[in-house]
Each structure stands twice: as C-alpha cells, then as structure tokens.
Amino acid sequence: MSAPFNGDDANGKVLLANEMAAGRLDAWLAAALGGGVSRSRIKALIEGGDVQVNGRPVQEAKHKIQPGDRVEITMPEPEDPEPQGEDIPLTILYEDEDLIVLMKPAGLVVHPGAGNWTGTLVNALIHHCGDSLSGIGGVKRPGIVHRLDKETSGVMVVAKNDMAHRSLSAQFADHGKSTALERAYHAVIWGLPRPGKGTIDAALGRSSDRVKRAVKKDTSSDARNAITHYQVVERYHERPDATALASSVHCRLETGRTHQIRVHMAHIGHPLLGDPDYGAAFRTKVNLLPEPARKVVSDFPRQALHAYLLQFEHPRSGEVMRFEAELPDDMNVLIQALKV
C-alpha cells in the first residue's frame, strides 16, 4: 500500500496512489505518510472532512483506495490549548462582582501565547475566579480589556462578566475622550528631555522586527496614531550645561498602542533605562555614572516602566474609580542609586 509523496500545496499534503495501491483509506494514508501522522489523527482528519479523493471529500476511513487516485489532505492549524487555572499569587487592590483591579508584577505575561502557554495572569485569574471568566473576551484572553508588557509593572483592571467587559473595552477604545479613563506611567529614561513637559505625536506601526514597533509616516498602511504626554519629575546627575544623565518622567497616554511609551521616548532620544529593544544603543552611557549607580543600572533586568495610575468609570454604577500603585522595589532601588 505504498504511495509516492507528491509534496505540499497551499492547503496541505497531496499524494498520488500508484498502480499497486489498494486497501482502506486510513491504512493507505498511514503507510503513505511514513508514520509522520498517527492513525487516530488520520481518522479524525477523514471524519472531519479534511481528506479529499479525486477532488471530493471522503469521510469514511474504510473507503477503498484505487490505483491512480489523487488524495489531498488539509492540515488544519493546531488549536491553541485552552488556558487552565494555576495557583499564582495575585495582589488585588479591589474586587467586586463585576471586576478586579490588581497590581501586575514585572515578569508576568498577561495572557497565553507562543512560548508562554502557562504561568500567565490569565491562568492566575481562572484559578481565582473559577468559571465566571469563561468565554468573556475569548478563550485566550478571558476578562482582559487592556494589557501591560511582560516586563512592565503596574495597575490593571479585569472584567468578570460580559457587561463589564463591554463597558471597559469601550472606555479603553475611546482613550478617555468621552469618559473618565486615565492612564499614567512612571518611567526612568536616559538624558533630560527638552522641553521638560511636552507631547509626542508620532504614528506607530510594525517594525522590520515583527515583535517590535516603530514610528511610521502617517501615510504608511499600518500607521496608527499614537500620542503620549510626558513631564519630567526628577533629574539625576545634572550637568553644568543644564542636561542630566537620566531623569524620571510621568507619561500619560492619549492612545494605547503596543510599546507606545518605549518607542516614543526612544524616538525623541531618551529611551528607558533597561529597555533591551529600544535602548540598547545607550548601554555605554552607564559608564558615565558613578558607583554604585553604575552597577545598579547595569544589572537592572527590565525596562524601567511602571503603570502607577489607572482611572475608569465603574461599568455598573458609573462611579469614577481611581487607583494608584506605588513604585515596585526594583524601581525604587534604581532611583535611589541614581540620586547618589
């Protein structure tokens, strides 16, 4: 029951039965594929209508193969595993029947994805909330209405039912234009921006590196408007020429694009300390710092970014909810070292 393997086309595998072919479709396929696909998987493909013989779907594993038959197999994309609850500690700032406000630590991925199917905030939420999150916002992102990068710490809100998900999602999509939504971040950056208070209005899109973002011309097909308001709140190691080696800024988002603050601050020449994607060219500046700041900055393991403020309207009562989270220990240590 051997058969030549004619290769792959856009839809999957294509095989041609030779003049000696005979027998059941499932057995013939198992032999033709050389053990690369299990018999149970072959049976599921046949019964699911993913196997065609001479251009027509065949859904019976016992179908008899004849010499010269053309067999096409469509291999569906593997389904992502459904996230399971995991007992991961959560720092909850507020919780009621509709939502949870929590403090996300640096290093915690928000929702499952390639390379991070477990150990995420979603896994922790499923364990904490049980079945109440099921289906809200999709299987991989139950309850999630916004996100923070893995290495960004700070305040997040999560919906616990469909009503809350719709309301919060609409507020984030509106970017606070007609609601009380407000988001603010504390960032530690290289240098000192001039002026000390300003607005960065620069569209963002995908970089040549698919996991990164870049400033794009407004005419670019993937350009999305992005606006960040910043204000310097502290300077470190000021110089006679009115510059500084580093500074702390508060950033308020008018839009919420992926990596927005990180890209925007790098765009104006002041990337975040510790940012491996947008601040790598500034690593040598650490040598300008005195000890012990030099070692603390060199060892800082992430971008120095913390979402310290989140304000929104409660989806049920309409009450304005405002939450602020103190800087995490690692950023406090970083800032104290820069002050020396």
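These legends walk through several close-up views of a predicted model.

Figure 1. Let's start with the overall picture. Along the principal axes, its C-alpha atoms fill a box of roughly 90 × 50 × 40 Å. Of the 340 residues, 46% count as buried. The chain exposes about 17000 Å², and carbon and sulfur atoms supply 48% of that area. Among contacts with a separation of 6 or more, 65% come from residues 24 or more positions apart. As for charge, the mean positions of the 40 positive and 43 negative charges are 5 Å apart.

**Figure 2. The largest nonpolar core, a set of 31 residues.** In soluble globular proteins, nonpolar side chains tend to be buried together. Here, Leu125, Ile261 and Met265 touch the most other members of the core. Two or more residues each come from strand E7 (99-104), H3, E8, strand E9 (182-190), strand E13 (227-238), strand E14 (244-253), helix H5 (260-267) and strand E15 (305-313). H3 gives the most, with 5 residues. Look next at Leu125: not counting residues up to four places away in sequence, Leu125 touches Leu90, Ile100, Leu102, Gly130, Leu133, Ile144 and Val158. There is also a second, separate core of 20 residues, which includes Ala32, Ile42, Ile46 and Val51.

**Figure 3. Helix H5, a mostly covered element.** Of the 8 residues in H5, 6 are buried. These are Gln260, Ile261, Arg262, Val263, His264 and Met265. Just after H5 comes Gly269, with a positive phi of about 90°.

**Figure 4. Asp149 and His259, 7.6 Å apart in space from C-alpha to C-alpha.** In sequence, the two residues are 110 residues apart. Asp149 sits in the loop between helix H3 (121-129) and strand E8 (153-159), while His259 belongs to the loop between E14 and H5. Asp149 counts as buried, at 12% relative accessibility. His259 is buried as well, with a relative accessibility of 12%. Leaving aside neighbours within four places in sequence, Asp149 is in contact with Lys104, His259, Arg262 and Gln303. His259 also has a positive phi of about 60°, although it is not a glycine.

**Figure 5. His175 and Gly176 in the loop between H4 and E9.** Helix H4 spans 162-174. His175 has a positive phi, near 60°, and is a residue other than glycine. With a relative accessible area of 18%, His175 is buried, whereas Gly176 counts as partly exposed at 22% relative accessibility. Beyond its neighbours within four places in sequence, Gly176 is in contact with Gln171 and Leu181. Gly176 and Gln311 are 135 residues apart in sequence, and their C-alpha atoms are 9.5 Å apart in space.

**Figure 6. Two cis peptide bonds, Arg194 to Pro195 and Glu291 to Pro292.** Most residues other than glycine have a negative phi, and most peptide bonds are trans. The bond between Arg194 and Pro195 is cis, with omega about 0°. Pro195 lies in the loop between E9 and strand E10 (197-201). For the cis bond between Glu291 and Pro292, omega is about 5°. Pro292 is in the loop between H5 and helix H6 (293-299).

Key. Residues numbered from 1 in each chain as written. Predicted model: local features only at pLDDT ≥ 70, side-chain atom pairs only at ≥ 80, totals over all residues. Heavy atoms only, no water. Helix = DSSP H or I, 4+ residues; strand = E, 2+ residues; numbered from the N terminus. Buried < 20%, exposed > 50% of the residue type's maximum accessible area, 1.4 Å probe, protein only. Contact = heavy atoms within 4.5 Å. Areas by Shrake-Rupley, 256 points an atom, 1.4 Å probe, with all protein chains shown as cover. Lys, Arg positive; Asp, Glu negative; His and termini not counted. Charge placed at Lys NZ, Arg CZ, Asp CG, Glu CD. Core = buried A, V, L, I, M, F, W, Y, C linked by side-chain atoms within 4.5 Å.
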